[in-house]
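Subject: Structure handover

Hello,

Please find the structure below. My notes on what was found in it follow.

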Amino acid sequence: MAELILEVLPLAIVASTPLLLAVQGELVVQRGGMINLGLEGMMLVAALTSILSARASESALLGFAGGIAGAALIALVFGVFAIHLHADQIVTGTAINLLAVGATSFVYRELPPSLVTQLVAIQGSTAIVPLAWLVFPIVLAIVLWRTSFGLRLRACGENPSAVVAAGHSVVAHRWLALGIESIAAGLAGGYLSLAYSGFAENMTTGRGFFALSIVIFGRWKLRGALAGTALFGIAAALQYALQASARDVPYHLLLAMPYVVTLLILCGVAGKVRPPESLGR
Amino acid sequence: MRRLAYGVVAAIIAIALIALAGAALGHSPRQLLSILVNGSIGSSFAIEGTLLKSVPLLLTGLSVAIAFRAGVWNIGGEGQFIVGALAAFLASRFGVVASLAAAMLAGAAWSSIATAMRMWRNAPEVLTTILLNFIAIQLLGWCVNGPMQESVRQYPQTDTAGAALPSLGGLPIAIVACVVAWWMLYRTAEGLRLRATGFNPFAARWAGVNVSAQIARAMAISGAAAGLAGGIELLGVTHRLFERFAAGYGYSGIAVALLANLHPLATILSGLFFGALVTGAGELQRTANISAAVATLAQAIVILILIVFGAIEKRRRWPS
């Protein structure tokens, strides 16, 4: 068993790279007091905009920039509703996911397939892997827990009135959090299409919801988020290994595995769970 | 009355935005609108299509309305719809009534998994219900490719179900369900407790409501409604199960319920509207090669516009 895990570990790390980015983005936003259920939609839109941008420019860098722009567009919608209109964040997030599915499918069918698909992964897209597993966590650890901005952002999630009383703007901090999430989700969505064969309808297949579950599993801590993603990645890699070796296990039941694992992860949060005090308000 | 006006305006704005989006991508908005209208209510054939699509939407909308009224986020209509249809298929040889009863039971059981996870493990139902949707989709995929595949084993689909409803036979059932739900919510103690739980669970607890049990029941009723939708769709429309059976009816139910302001009777109107939209969008795809996803897009836009209206109203009532 240990040998098998060592064997699949590299695969697990690569395969769960977009998930890890999404987890970290959502962690920042939830620490700031918002639940962005529309993360799934953000990644989906980013997957489309990144491949469009990459095909037009033939550059991975501009592809990812396009992904970030697409994710930011969705973040803009979410921010206006959640921060300024004080709308229910679950309803808003659900609407955003529908919006993303509808809009990407609509645009996708209007475009010639050559614009949104590719035969080989665009060069340079794998640079995201170390970025997600090393650079992003270190930067987040410093920004969220070692700067006064991070302290204020976390206060926005715990007690927004205290932030106001201290003379800072909750609105500005939450927008910045959404900005960080746009970068993360944009890279994640971009990786999904740039590192593989381009865009396909509904290609995020629930990764946004996995990310939200892992944030809870990790108890809103960075280390927990990394551990949760790694655990999830190993489970996913074992599934690939099983898919290749055990041919008698029905394909669809294997496909259901990540969702079952996520359910178990959500149920495995034993003991006391304390979300940020003002989460979702 | 004002709420009704809001709903109508939201629906009109959403369709106008779709026409604009179509124009931006080079389709004539006029042609787009005329196909949308003719394809949904322009002929008796189109009207029948609209009514057929409205039946599942009415019921999934009702499912969402009941759950949201109780303050639980059942986003799992899609999965409950699928397991409802699976159970209906398995029970279809015992007749229509047994088949639909099985559909309701299965839907209720599927939604209750999320309830159990919330009660015992503190897992938020908004995520568990969504995850259960994906699991139900794969379960259906496995069933139609494996143990429940048709006897000739040619396509990934089941044989014809052992019982059938007339194609529009689901419509009276769905309307009766909406009326019964209205009666339950507004004319019985159970409904009062359910609404109180959603309105303010702390106050409800002080008033002697067993909030956990109330949520569990609301979730089960909600799942039963979505399961019934799946059963009716199988017995009345498709007669077979196949991989893409659910076609997003569960998620669309959220838009249906919100446009109806979570009111069971208004759900009938809102279900008919979205039924027309889905049918018209199907016609757009067939004749103008525009993705039927515009219907999904319109649902999202309707929800967002309704949120804006709600925010404006709140601001007017309590000026800051």
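Two residues are in contact if their C-beta atoms, placed from the backbone, lie within 7 Å. Before the notes use that term: this is a predicted model, in which local features need pLDDT of at least 70 and side-chain atom pairs count only at pLDDT 80 or more, while totals for chains, interfaces and linings use all residues. Residues are numbered from 1 along each chain as its sequence is written, and chains are lettered from A and ligands numbered from 1 in the order in which they are written.

Confidence. pLDDT is the predictor's confidence in each residue, from 0 to 100. Chain B has a mean pLDDT of 93, with 99% of its residues at 70 or more. Within chain B, the lowest mean is 87, in helix H1 (residues 2-24), and the highest is 97, in helix H4 (residues 77-90). For the complex, the predictor gives an ipTM of 0.92 and a pTM of 0.93.

The core. A residue is buried if 20 or more other C-beta atoms lie within 10 Å of its own, exposed if 12 or fewer, and partly exposed in between. A nonpolar core is a set of buried Ala, Val, Leu, Ile, Met, Phe, Trp, Tyr and Cys residues joined through C-beta atoms within 7 Å. The largest such core has 208 residues, and Val294(B) and Val302(B) have the most contacts inside it. Which residues does Val294(B) contact, leaving aside its neighbours within four places in sequence? They are Gly102(A) and Phe106(A) from chain A, and Ile18(B), Ala281(B) and Leu284(B) from chain B.

Chain A. Helices (H or I, at least four residues) and strands (E, at least two) are DSSP runs, numbered from the N terminus. Chain A has 13 helices and zero strands. Its radius of gyration, taken over C-alpha atoms, is 19 Å, close to the 19 Å from the globule rule for 281 residues, so chain A is as compact as a globular protein of that length. The globule rule is 2.2 Å times the number of residues to the power 0.38. The C-alpha trace of chain A spans about 60 × 45 × 30 Å along its principal axes. Of the 281 residues in chain A, 52% are buried.

The expected span of a helix is 1.5 Å times one less than its number of residues. In H10(A), 20 of the 25 residues are buried. H5(A) has 22 residues and reaches 31 Å, close to the expected 32 Å; 17 of these 22 residues are buried. Arg109(A) sits in H5(A) and is partly exposed, with 16 other C-beta atoms within 10 Å. In chain B, H4(B) has 14 residues and reaches 20 Å, close to the 20 Å expected. Since 13 of those 14 residues are buried, H4(B) is largely enclosed by the rest of the structure.

Where the chains meet. The contact takes 36 residues from chain A and 35 residues from chain B. On the chain B side, H6(B) gives the most, with twelve residues. That side divides into 25 nonpolar residues, nine polar and one charged. Here Ala, Val, Leu, Ile, Met, Phe, Trp, Tyr, Cys and Pro count as nonpolar, Asp, Glu, Lys and Arg as charged, and the others, Gly among them, as polar.

Regards
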